[in-house]
Amino acid sequence: MANLKSIRDRIGTVKNTRKITEAMRLVAAAKVRRAQMQVLATRPFADRLAQVLYRLQQRISFEDVSLPLLEKRPVKTVGLLVISGDRGLCGGYNSTIIRRAEARAKELKEQGINYTFILVGRKAAQYFARREQPIAAKFVSLNQIPNAAEANAIEDEITSAFLAGVIDRVELIYTRFVSLISSRPVLQTLLPLEPQGLEPQDDEIFRLITRGGKFQVEREKREITVKELPKELLFEQNPEQILDALLPLYLSNQILRALQESVASELAARMTAMNNATENAGDLIKSLTLQYNKARQAAITQEILEVVGGAAALT
């Protein structure tokens, strides 16, 4: 009977755990939808900014202007901006991005180039702090849905370090959202800015939909059309001054997009992990129920044998 009670208690525990994992899956799905809405809300500004920069590029040659954020110099120290999550229970999301950052740091070390980390997310901050790696700044406990204020704070940190000559290049390592079951780490150079990378590019917008009772991601290809500036248009300010004011906005927008992609990847990984946990809990409940029924049947059979044996002894 003690064995039956322990199996019955474990079945109850697994059922309660399954309720928690299912709730976490649904919460992650709701947050993916919120992240999707924010991407759609920030897209018009990003498109307009890219168009203005492209039009300025048509009017002036970026190679001829002298702007601090476009300055290329010998690379002695690289700042690695790594975006991870604050929480776990999201499969291999955090470990994958941390391994990519470690691999990049190892490459720089082999090339004789110093590096320092600018870490976003508690998981990466804790990991590299325990290993006594050089850390220039940490950004933890950010909003679960990224906003422009957080992107501006990160942009201020890396821009200040770049302009002060503390770091000569900034590389961004984040997780690009591909689908609910797929994401990949991406390495991108943020500073110095490349003039060839400022023109608007065709983009994709993801939408989380429900089809057949299951969550799916639908991607929409967006084409950006740019009209040339009229030749007779005059600038009240020097185009170089306008460009100098817009480049930090462009950089903040790039960081915000990376934060949004990383959050979407983390939530999708959590959805997948919790869905797998829920399915595993269901399989475990079936196995324990079968085990419980066998043990109960064996106990009943044993009681019957004892009763029959006792009755035979009395006769």
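Here are some notes on the predicted model above, point by point.

1. **Ground rules.** Residue numbers start from 1 along each chain as its sequence is written, and side-chain values use heavy atoms, with hydrogens and water left out. As this is a predicted model, local features need pLDDT of at least 70 and side-chain atom pairs count only at pLDDT 80 or more, while totals for chains, interfaces and linings use all residues.

2. **Overall layout.** The protein has five helices and seven strands, in the order α-β-α-β-α-β-α-β-β-β-β-α along the sequence. Helices (H or I, at least four residues) and strands (E, at least two) are DSSP runs, numbered from the N terminus. Of the 315 residues, 41% are buried; buried means under 20% relative accessible area, exposed over 50%, and partly exposed in between (1.4 Å probe, protein chains only).

3. **Second largest pocket.** By type, the lining splits into nine nonpolar, six polar and six charged residues. Here Ala, Val, Leu, Ile, Met, Phe, Trp, Tyr, Cys and Pro count as nonpolar, Asp, Glu, Lys and Arg as charged, and the others, Gly among them, as polar.

4. **Salt bridges.** The count comes to ten, where a salt bridge is a side-chain nitrogen of Lys or Arg within 4 Å of a carboxyl oxygen of Asp or Glu. One of them pairs R73 with D168, with the closest N and O atoms 2.8 Å apart. R73 sits in the loop between α1 (2-59) and β1, and D168 in the loop between α4 and β4 (169-179), so this pair ties together parts 95 residues apart in sequence. R73 is partly exposed at 22% relative accessibility, whereas D168 is buried at 8%.

5. **A bridge from strand to helix.** E171 and R104 also meet in a salt bridge (2.8 Å, N to O). With E171 in strand β4 and R104 in helix α2, the pair ties together parts that are 67 residues apart in sequence. Both E171 and R104 are buried.

6. R257 and E261 form a salt bridge at 3.1 Å, N to O. The two residues are four apart in helix α5, so about one helical turn separates R257 from E261. R257 is buried at 19% relative accessible area, and E261 is buried at 5%.

7. **Backbone spots to check by eye.** The peptide bond from L191 to P192 is cis, with omega near -5°, and P192 is in the loop between β5 (182-191) and β6 (203-211). L89, although not a glycine, has a positive phi of about 55°; L89 lies in the loop between β1 (77-83) and α2 (93-110) and is exposed at 56% relative accessibility.
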